[in-house]
Amino acid sequence: MLFRSIPWKAVYVLPFTRMDTLAIGAWTAVAVRSAPDWQRLKRQASWALLISGLILFAIVLHHHELSRGAKLLQTAGYTALAVAAAAMIIHVVSASQRGCRVKFFDSWPLRQAGKFSYTMYLINLPVFFWIARAGLAPDNTSGSSSVLHLMRLARFAFVSISACLILAVASWYF
């Protein structure tokens, strides 16, 4: 689809284009629920995390950023992100109950984020477009310094995440 000039938004949101990530999530759930050998599963997850991290690093080196419109990110990057997330989930689920990873992922803020995450997922793209139309999106073409671009990107991320969270909480309670 990307190589036929279909807009990146279609590739980003259509479920059949993200079947790989859905399959990785399903495999992870099955592997965690029926893991007879946790040490072997953790070793495999460590390798998967390392390889997916290297793939993402290579994409950043190639594009100098993680732009959602980049074809390499759309084809290999999202799959690498899904593999990395699955590997991290396996490590957290298999960790000691007293370990710092479990304490971090069992913390109140992350549990609350989990409660609102699906709504945030559903509304993030419209919120991003609304905020971009308001003129708060970072502009790569302005020729500004990388520090200024990073500051604009941080502002965009803060406003976007805050707006998504406010809307998600409002939809949960009202």
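## Model and conventions

This is a predicted model, in which local features need pLDDT of at least 70, side-chain atom pairs count only at pLDDT 80 or more, and totals for chains, interfaces and linings use all residues. Residues are numbered from 1 along each chain as its sequence is written, and side-chain values use heavy atoms, with hydrogens and water left out.

## Ser 52

Ser 52 is part of helix H3, residues 38–63. Helices are DSSP runs of H or I with at least four residues, numbered from the N terminus. With a relative accessible area of 3%, Ser 52 is buried; buried means under 20%, exposed over 50% and partly exposed in between, using a 1.4 Å probe and protein chains only.

A polar atom of the Ser 52 side chain lies 3.1 Å from the backbone oxygen of Leu 49. Leaving aside residues up to four places away in sequence, Ser 52 touches Ala 80, Val 83 and Ala 84, where contact means heavy atoms within 4.5 Å.

## Met 120

Met 120 sits in helix H6, residues 108–133. Residues up to four places away in sequence not counted, Met 120 touches Ile 161, Cys 164, Leu 165 and Ala 168. Between Met 120 and Ala 168 the C-alpha to C-alpha distance is 5.8 Å, at a sequence separation of 48 residues.

## Cysteines

Cys 164, one of the residues touched by Met 120, is buried at 3% relative accessibility. Cys 100 is exposed, at 64%.

The disulfide count is zero, with a disulfide taken as a pair of cysteine sulfur atoms within 2.5 Å.

Note on methods
Helices (H or I, at least four residues) and strands (E, at least two) are DSSP runs, numbered from the N terminus. A polar contact is a pair of N or O atoms within 3.5 Å; within protein, one must be able to donate a hydrogen and the other to accept it, and residues adjacent in sequence count only if both atoms are side-chain atoms.
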